[in-house]
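User: Can you walk me through this model? I have some questions as we go.

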Amino acid sequence: MPEPTKKDETETENAPPPPEQKTPQDGGTEKGKVWSIGDGAPEETEKRDDSQRSTLFVEKPQSGSVSVGGNITFIAKVEAKDLLRKPNVKWFKGKWMDLASKAGKHLQLKESFERHTKIHTFEMHIIQAKENYAGNYRCEVSYKDKFDSCSFDLEVTESSQAAPSIDIRSAFKRSGDGQDDAGELDFSGLLKRREVKQQEEEPEVDVWELLKNANPSEYEKIAFQYGITDLRGMLKRLKRMRREVKKSAAFAKGLDPAYQVDKGGKVRFMVELADPTVELKWYKNGQEIRPSTKYIFEHKGNQRILFINNCTMTDDARYYVTAGDEKCSTELFVRDPPILVTKGLEDTNTYVGERVELSCEVSEDDANVKWFKNGVELTNEPKSRYRIKVEGKKHTLIIEEAAKNDSATYSVMTTGGQSEAKLSVDLRPLKISLALEDQTVRLGQEIHLKCEISENVQGKWYKNGQLVEASDRVKLYHKGRIHRFIIASAAVDDEGEYMFVPDAYNINIPCKVHVVDPPKLHLDGLGENNTVTVVAGSKLRLEIPITGEPTPKVMWSKGDKWITDSGRIRAETYPDSSCLVIDTAEREDSGPFRITLKNEAGEDTALINIKVVDVPDPPQAPNVTEVGEDWCVMTWEPPANDGGSPILGYFIERKKKQSSRWMRLNFELCKETTFEPKKMIEGVAYEVRVFAVNAIGISKPSMPSKSFVPLAVTSPPTLLAVDGVTDTSVTMKWRPPDHIGAAGLDGYVVEYCFEGNGFSQGISTDLSEELVEPPFNLEADEWIVANPELTDKTRFTINGLPTGSKILVRVKAVNAAGESEPRYHPQPILVKEVVEPPKIRLPRHLKQTYTRRVGETVNLVIPFQGRPRAKVSWQKNGSPIDKNQINIRNTENDTIIFIRKAERSHSGEYDMKVEVENLVDKATIDIQIVDRPGPPEIVTIEDVWGENVNLSWKPPKDDGNAAITGYTIQKADKKSMEWFTVIEHYHRTSATINELVIGNEYYFRIFAENMCGLSEDATMTKESALIAKDGKVYKYPVYDDFDFSERPLFTQPLINTYAVAGYNATLNCSVRGNPKPKITWLKNKVIIMNDPRYRMFSNQGVCTLEIRKPSPYDGGTYSCRAVNELGEAEVDCKLEVKVTQ
């Protein structure tokens, strides 16, 4: 079913409210909010309140109806302009039923968002509606602390084959609150669309029958035509009567569904009983009716008759009659007589501004009468131009000041007739008492226009055909019949043709205003002394604003020569300016130019100085005076000609010699004539050039400088230290420089000098300090070069030194750029060998017994110190070490003992001795190589009693070179000989075994244990222990051997698997069978053999296939086949390998 339209709602809202009822803005009902017949006014009021407090909805769901089996959609829209997220929306039926849980085949909830309009749309679709879907629905929307709610109704009507369902309230709007004595109906919508005619007398018509058979859209028309005042109540009763269709057993003939009578008339109710003895009672609105002059009862056989005389509006009610437990009901409708127009309207002619009264008379006092203008209803509102006056039967429409647009056809309508008349509003003839006069005004003076007409009417002022509005500058005055136009200070733009046009008259009063002004030059935009500077070679267009009315004549001259409007130097004249144009400025164009203005009001002249300037000449080629690692220093001379403008600074550029691309080095002007370019690449040839800059621009570049190459010496060597001293030599060592540079490193120069050749008194005592500046004062020729040729090593020995002398040493790094700064040793070095006593620095873990297992590697490093020429010797248990079994390697600072594969014979005490001349230092290392112990010697069963056995044994002969930490005792039944551990980590050599099974015969065995683990073998008892039981000896039955043979059977099949490329995957299944089946794996029915990408396992019947780092190629069907002599079985699965993105 289509969504309910807004047309009816709009018509309802435009309808005038009846007396004693609020306007729609104050809570009036809307047609879209009416649900079904019989609903009360309080619910409608509640819905109206909801609409008033709406803060979120921009479009609310509207009530509607649908046929059984049809579809309908309700739409709610919420604006998201001020919302940060989507609002919460809930749909309810009744008060509490949340429809979100009912969504399915017949109910669908949808939502969408339009980004351009920022509107959230929420839809509720009802599909294949059923009768029980009818009822009241509610839509609630919430966002944070905001809340909005809207109720609407759904009516489900029968299909087209059944009797049409009448939804009276959704088709008509009543001005009252739904009670029997409610106010009158609002017929405005009907009156706008029907042609009103005087009602003629018609034969008596049963309105009840008309309503029963009429289309719902005709209800209001029938109500107005036949004077029904309570259409809503009548339709509510109509609906109730339609529901009362069951056949009665007590009444042979019941009451008609409804009766109609005119006010003051008489009505007759008659029923026919099936049993005349049944007691009958009559009721009106639930109250029993007693016989009176108004109510008269008659009996005629089986007929029972009720007469109601002199019917009034209070008799308009529901009546029913009871016969035993059954009742029969009907409705009585009392109709008011139509209201007639007894005196009609009359045509009227008047003038604009006059008071107009249109009057008529009707047949009843204070009757409901409606006024129309050209078919559009007029209301008696406070702000309306029309006022309606009622005096008994006389009704008058009053217009206080008639206007031209009030000319129209006015009509009045009642329930019984209508009348209409024409109103014509004309203008009075207009005369011009004082016309406007033409004026000539000087610039800045007042413009005052004045006219006078015969009528006091408004008017409009026009200038050159354009409407002129009042403003701060333009003042418009109207007093009585006089109109004035005033401009306090006239401007040039105020000149033109002015005209005054009275409102509503086809007449105008014209005049002309002429504004004059002496010529004047406006030179405010020029510089000091009216000087204009122009760059040589560029075009000058000097525009001088001019004023004057009429437009003055302009003349330009330079000296005695007049400038024409053509040529390289020319003058161009425009209405508000004059231009001096020089196409290509030259330095000869410099000088004063005269401009002269003339018109009928006067003359003005001025001198303008033109100055032509140019860019400076290029400087001379710069000179590079100094070069560093990545920098240089350059100088240049200023240009010979600055172009007529002072030099502001210079730009510098550089490029590689082999390149043609110049790079700007400074983006801020250099004010000096020297500059230091930086960040150049060491070892690359460069050229530089200079640009001069003045206020006009940048000069051409200078000639490039001579090419130069940035190079730098290395930094000094680092970490200069003494590596060794003998009686005649000193060995020095150092590290390469921190920075070498592009020139590389060719080698080192080692220099020394003897003590007493100019040492200063402030020699550093910090041996760790590295010195670049010398700690003494020596001349350059006092240093002796130790290596005439460069050495590329970082260690050098100075030989041939006298014993006992002291020397100072320095080292320099040398490359193509020269020698670096020297690195000095901070202390004088005594040329004499120093004896350092021996000292063994035994590691902490070797100060205790060093334990290793048989077969492990022994690798011990023992550092020591001692100079010169320390001698190291080793002994094992006081004897020299066999170097064929144990490797010993000695260096100047440490000694290493190495055993590739340790054996128990390597255990012992190792003595280390370090000797330097007569000084000695010793250390001892205890090495223990351990292994697992042997088994105990003899295991004896000492005693057997009850369920207990007492055992004893002797410790093993071989303890594995480690203490025995315990024993492990196991037992075995003689029948199965399966061993089970009874006791672990037992420390004694005797034990009692408890809880043995009576009747079983047991053997026992014992393992020895040390820090390496259990012994490889165990010692078993030679005899068994029988656990006898008291009484009769049990005879064991003889059983036949059970046949465990079985063909292969998969107890757990393969399952389809997904694997990720690059990660191992496994396929698992389980199988049983006897004899043990042979397992074969297949891929795509091809046996997998000797493929390193696959690993196959089988443990206790569980079969596993591992696929190493599969790729998509490894996907496919994998099968596992089990075969023994009794048969075979096979399962398969699919493997899919996915590649991660």
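User: Which residues touch the most other members in the largest nonpolar core?
Analyst: Phe74, Trp91, Met124, Ile126, Tyr137 and Leu154 do, in a core of 24 residues. A nonpolar core here is a set of buried Ala, Val, Leu, Ile, Met, Phe, Trp, Tyr and Cys residues joined through side-chain atoms within 4.5 Å. Buried means under 20% relative accessible area, exposed over 50%, and partly exposed in between, with a 1.4 Å probe and protein chains only.

User: Which strands each supply at least two residues of this core?
Analyst: Strand S3 (72–79), strand S7 (119–126), strand S8 (135–143) and strand S9 (146–157). Strands (E, at least two residues) and helices (H or I, at least four) are DSSP runs, numbered from the N terminus.

User: Before going on, what kind of model is it?
Analyst: This is a predicted model, where local features need pLDDT of at least 70, side-chain atom pairs count only at pLDDT 80 or more, and totals for chains, interfaces and linings use all residues. Residues are numbered from 1 along each chain as its sequence is written, and side-chain values use heavy atoms, with hydrogens and water left out.

User: OK, the overall picture. How many helices and strands?
Analyst: The protein chain has 7 helices and 86 strands. Of its 1141 residues, 40% count as buried.

User: What share of contacts join residues at least 24 apart?
Analyst: 65%, taken among contacts between residues at least 6 apart in sequence. Contact means heavy atoms within 4.5 Å.

User: Sheets next. What is the strand order in the open sheet of 3 strands?
Analyst: The order is S48-S47-S50, with antiparallel pairing. Strand S48 (663–664) and strand S50 (686–694) are the edge strands, each pairing on one side only. Two strands pair if DSSP finds at least two bridges between them.

User: How many bridges join S47 to S48?
Analyst: There are 2 between S48 and strand S47 (residues 647–656). Arg654 stands opposite Met663 in S48.

User: Which residue takes a positive phi in the hairpin of S67 and S68?
Analyst: Glu917, near 55 degrees; the hairpin has 2 residues between the strands.

User: Different topic. Where is Ala403?
Analyst: Ala403 is in the loop between strand S25 (394–399) and strand S26 (408–413). Ala403 counts as partly exposed because its relative accessibility is 22%.

User: What is Ala403 in contact with?
Analyst: Val352, Arg385 and Val425, leaving aside neighbours within four places in sequence.

User: Last one, cysteines. How many disulfides?
Analyst: The count is 0, where a disulfide is a pair of cysteine sulfur atoms within 2.5 Å.

User: How far is the closest cysteine sulfur from Cys1133?
Analyst: It is 8.6 Å away, in Cys1069, too far for a bond. Cys1133 is buried, with a relative accessible area of 3%.
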